[in-house]
Amino acid sequence: MNPEDSSLFVQSLATGLSVLDAFTTDRPSMNLREIAEAASVTKSAAQRFTHTLVTLGLLRKDATSKRFSLSARTLNTGYRYLQTHVLLERANPYLLELNRQTGETVNLAELDSGEMVYIGRFPSPHRAVVHMPVGRRLPISVHRRAARFSPACQTSRSSTSSLAVNGRISPRTPLPISIP
């Protein structure tokens, strides 16, 4: 059964979240027509959802251009997720220590719907790094090339080999952490 067919599923909440999800780096601000198109809703529905989201402080509206954009308040949910993440809380001291010992950037990512999501990061203190903020999502295939051992930490031994390129996990730094 499709979870959306359940009587417990609240379609209006899902639609409101799809309006928020419509904002991307390619579409940081949109007018009502663009929101309706991006969220697959009518312009009238887009107007009602944007009004509600502005009222709740999740969107802001430029009075001159009539364009909407995400507000800083949208960070609250993600921030609460990070604050209450038990693994992140326990791993942070070890990530920091590893960062200090190696001088390398240390990340913590978790698998979510076939993508790796960065939930912790300690950047290298002496290297120019690629901007990879907490919350960045990468397809598992891209992430495997950057940190081949990470996805294996959250999978069964039998599926670990399917995550690794060429069937093996290989070291990428002088001080590798690898999974047998």
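I started with the sheet: three strands form an open sheet in the order β1-β3-β2, with antiparallel pairing. Strands here are DSSP runs of E of at least two residues, helices are runs of H or I of at least four, and both are numbered from the N terminus. Two strands pair if DSSP finds at least two bridges between them. I looked for the edges next. β1 (29-30) and β2 (59-61) each have a single partner strand, so one side of each is left without a neighbour in the sheet.

I noted the source before going on: this is a predicted model, where local features need pLDDT of at least 70, side-chain atom pairs count only at pLDDT 80 or more, and totals for chains, interfaces and linings use all residues. Residues are numbered from 1 along each chain as its sequence is written, and side-chain values use heavy atoms, with hydrogens and water left out.

I then checked β1 against β3 (residues 68-70). The two run antiparallel and are joined by two bridges. Ser29 stands opposite Ser69 in β3. Helix α3 (residues 43-55) packs on the sheet and touches β2 and β3. Its direction makes about 105 degrees with that of β2; axes are lines fitted to C-alpha atoms, for helices over the stretch in contact, and angles run from 0 to 180 degrees between N-to-C directions.

Is Ser69 buried or exposed? I found Ser69 buried, because its relative accessibility is 15% (buried is under 20% relative accessible area, exposed over 50%, partly exposed in between, with a 1.4 Å probe and protein chains only). I listed what Ser69 touches, leaving out residues up to four places away in sequence: Phe23, Pro28, Ser29, Leu58, Leu59 and Arg60. Contact means heavy atoms within 4.5 Å.

Val10, Leu13 and Leu17 make a nonpolar patch of about 270 Å². Patch residues have over 30% relative accessible area and no salt bridge; like charges are joined within 9 Å, nonpolar side chains (Val, Leu, Ile, Met, Phe, Trp, Tyr) within 5 Å. A salt bridge is a side-chain nitrogen of Lys or Arg within 4 Å of a carboxyl oxygen of Asp or Glu. Val10 lies in the segment before α1 (11-21). Val10 is partly exposed, at a relative accessible area of 46%.

I read seven helices and six strands, in the pattern α-β-α-α-β-β-α-α-β-β-β-α-α. Of the 180 residues, 30% are buried.

Terms used:
Accessible areas come from the Shrake-Rupley method with a 1.4 Å probe; for residues, only the protein chains shown count as cover.
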